[in-house]
Amino acid sequence: MTDSPKAFSTFYRDVFLPEHQQPLNVALHIFGTLAGLAWIAATLAAPGFWKFAVLLFPVVHGAPGLIGHRLVERSEAVGDARWRRPDYPAWLFILANHRLAAERLVIAPVAALARGLRIAG
């Protein structure tokens with residue numbers, strides 16, 4: 001871990017995004033994030049299932065991203081399991097995955113719609 005932790009936005013811009021440039025890898029990360037959120041919802045809907053669901057959550061949430069790094073966007077320097085890197089805590093990568101999904105699925109489309117409305121108006 002670094003001695004002086006960076007702000008999340010700096011980590012996201014300088015570390016996370018450069019390691020997530022391939023569209024298929026990004027799509028797999030977004031799929032994993034959405035699958036993890038759906039998994040949480042399904043677990044809440046089936047309370048007797050929660051012990052099993054808790055064990056499988058990391059697989060449902062993280063496996064698509066790991067597959068993306070293994071098959072599409074490899075890095076010998078940092079490995080395929082980015083969250084295991086010693087220079088940054090795992091929670092930064094998890095949070096970054098959620099920000100990536102939000103930016104690509106919500107923020108960018110809304111911004112494009114707003115630009116289109118300004119041009120048309």
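User: Are F11 and F93 buried or exposed?
Analyst: This is a predicted model, so to speak: local features need pLDDT of at least 70, side-chain atom pairs count only at pLDDT 80 or more, and totals for chains, interfaces and linings use all residues. Residues are numbered from 1 along each chain as its sequence is written, and side-chain values use heavy atoms, with hydrogens and water left out. Buried means under 20% relative accessible area, exposed over 50%, and partly exposed in between (1.4 Å probe, protein chains only). By that rule, F11 and F93 are both buried.

User: Which residues of helix α1 are buried?
Analyst: Helices here are DSSP runs (H or I, at least four residues), numbered from the N terminus, and strands are E runs of at least two. Helix α1 covers residues 8-16, and its buried residues are F11, Y12, V15 and F16.

User: Why do the buried residues of α1 line one face of the helix?
Analyst: The arc is taken from the directions from the helix axis to the C-beta atoms. Looking down the axis of α1, its buried residues line one face because they fall within an arc of 110 degrees.

User: How many aromatic pairs are there in the whole structure?
Analyst: Rings of Phe, Tyr and Trp (its six-membered ring) pair if their centres lie within 6.5 Å; planes under 30 degrees apart are stacked, over 60 edge-to-face and the rest tilted. Searching the whole structure with that rule, the number of aromatic pairs is five.

User: What kind of pair do the rings of F11 and Y88 make?
Analyst: Their centres are 5.0 Å apart and their planes sit at 55 degrees, so the pair is tilted.
This pair links distant parts of the chain, 77 residues apart: F11 is in helix α1, and Y88 is in the loop between α3 (50-71) and α4. F11 has a relative accessible area of 0%, so it's buried. The kind of pair, again, is tilted.

User: What about the rings of F11 and F93?
Analyst: F11 is buried, with a relative accessible area of 0%. Its ring centre is 5.1 Å from that of F93 and the planes are at 90 degrees, so this pair is edge-to-face.

User: Which residues do L28's contacts include, not counting those up to four places away in sequence?
Analyst: L28 lies in helix α2, and its C-alpha atom is 5.1 Å from that of P64, 36 residues apart along the chain. Contact means heavy atoms within 4.5 Å. On that basis, L28 touches P64, G65, I67 and G68.
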